[in-house]
There are 2 protein chains.
Amino acid sequence: MEGRGPRWRWRGCSRRAVRFLEPALLLLLHHGPAHGYTLLEQLESFGLGGFDPTVVYRALREMEEEGWVVSAWDREQTQGPPRRVYRLTPLGDEVLRFWVQDLEETRRMVDHFLQRYYQHIEEHPIQEER
Amino acid sequence: MEGRGPRWRWRGCSRRAVRFLEPALLLLLHHGPAHGYTLLEQLESFGLGGFDPTVVYRALREMEEEGWVVSAWDREQTQGPPRRVYRLTPLGDEVLRFWVQDLEETRRMVDHFLQRYYQHIEEHPIQEER
DNA sequence: GTTTTCTATTGACAAATTGCCAATAGTGGG
DNA sequence: CCCACTATTGGCAATTTGTCAATAGAAAAC
């Protein structure tokens with residue numbers, strides 16, 4: 001199953017994760033403000049472990065540029081350097097709802113695909129040569 | 001909701017489509033050989049309409065490089081220039097099964113996310129200010 | 001008390017992906 | 001012959017993604 005091409009043809013897997021990153025962060029922030037490092041860890045509860053921190057921080061900064069979240073420095077209560085605490089904005093809340101709609105739609109599509117696959121396999125157990 | 005950034009921040013939508021392209025093509029080809037133009041049209045039945053043809057042709061060429069499909073020229077039965085007919089290989093069949101697994105996993109993740117969202121919303125109808 | 005380790009975040013860049021537009025080309029109708 | 005429709009390819013700019021190195025404070029180890 002290895003291709004000679006780029007090292008990491010097996011897309012769809014880690015890529016799916018990236019696609020989930022934004023909504024997952026928005027949902028986590030819907031619970032209350034948090035800083036990147038914590039969010040990074042909490043992502044595992046979505047089955048989104050193993051992210052390079054850079055990716056998460058970058059996503060957060062981009063979300064701030066969009067106005068979905070705002071951040072403030074927290075120089076106290078830290079076991080390290082000052083850290084940025086992110087908080088969801090009303091716009092971010094709205095975007096989360098958009099994402100939910102989008103994921104509902106995604107779910108419909110995935111369902112439809114899988115149904116079609118299983119139905120076809122059942123009807124044609126052996127692949128036709130035609 | 002407009003950003004000042006690039007024209008098409010609203011990712012996730014056409015992007016989701018792209019993510020579906022490969023498995024959809026593999027499934028369509030599982031029904032039997034077909035050429036790109038037909039596949040392009042059949043994609044609509046997956047809710048994947050409106051693709052730029054280039055994208056589909058490119059995907060097919062890449063899939064051929066990977067050995068998931070093979071193509072042959074069809075100079076007869078054509079209402080235009082000769083066309084390439086793609087056929088699924090056993091490897092492609094295997095890849096389709098991988099994709100199905102992957103989409104099962106995706107479905108679990110989406111379900112989990114949505115469940116968590118609705119549960120949280122129900123428990124905290126008003127966003128906390130904390 | 002300074003070296004190491006863990007927490008936390010940022011910057012920069014190469015590689016890959018995606019959108020899009022122009023080009024090519026055969027066929028059939030007017 | 002010119003136009004519309006069927007089919008496919010090439011190339012490039014813009015965007016996205018992965019990764020690695022850099023910075024930096026605090027706490028623990030030596």
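pLDDT is the predictor's confidence in each residue, on a scale from 0 to 100.

**Entry 1: confidence**

I noted at the outset that this is a predicted model. I then looked up the confidence for chain A: its mean pLDDT is 83, and 83% of its residues reach 70 or more. Where in chain A does pLDDT stay under 50? I found this over residues 1–13 of chain A, a stretch for which the model has seven contacts beyond four places in sequence.

**Entry 2: the sheet of chain A**

I turned next to the strands of chain A. They form an open sheet of three strands in the order β1-β3-β2, and the pairing is antiparallel. At the edges I recorded β1 (34–35) and β2 (69–74) of chain A, each of which pairs on one side only. I reminded myself that strands of a sheet pair through backbone hydrogen bonds, either parallel or antiparallel.

How many bridges join β2(A) and β3(A)? I read six, with the two strands pairing in the antiparallel sense. I also looked up which helix packs on this sheet: helix α3 (residues 53–66) of chain A touches β2 and β3 of chain A, and its direction makes about 120 degrees with that of β2(A).

**Entry 3: one residue, L88(A)**

Is L88(A) buried or exposed? I counted L88(A) as buried, because 25 other C-beta atoms lie within 10 Å and the cut-off for a buried residue is 20 or more. Leaving aside residues up to four places away in sequence, I listed what L88(A) touches: L26(A), L29(A), H30(A), V69(A) and D93(A).

I then examined chain B, where an open sheet of three strands has the order β1-β3-β2 with antiparallel pairing. Why is one side of β1 (34–35) and of β2 (69–74) of chain B left without a neighbour in the sheet? Both stand at the edges, so each has a single partner strand.

I recorded six bridges between β2(B) and strand β3 (residues 83–88) of chain B, which pair in the antiparallel sense. As one bridge in detail, I noted that V85(B), in β3(B), is the partner of A72(B). Lastly, I saw that helix α3 (residues 53–66) of chain B lies across β2 and β3 of chain B and runs at about 120 degrees to β2(B).

Terms used. Residues are numbered from 1 along each chain as its sequence is written. Chains are lettered from A and ligands numbered from 1 in the order in which they are written. This is a predicted model: local features need pLDDT of at least 70, side-chain atom pairs count only at pLDDT 80 or more; totals for chains, interfaces and linings use all residues. Two strands pair if DSSP finds at least two bridges between them. Helices (H or I, at least four residues) and strands (E, at least two) are DSSP runs, numbered from the N terminus. Two residues are in contact if their C-beta atoms, placed from the backbone, lie within 7 Å. Axes are lines fitted to C-alpha atoms, for helices over the stretch in contact, and angles run from 0 to 180 degrees between N-to-C directions. A residue is buried if 20 or more other C-beta atoms lie within 10 Å of its own, exposed if 12 or fewer, and partly exposed in between; C-beta atoms are placed from the backbone.
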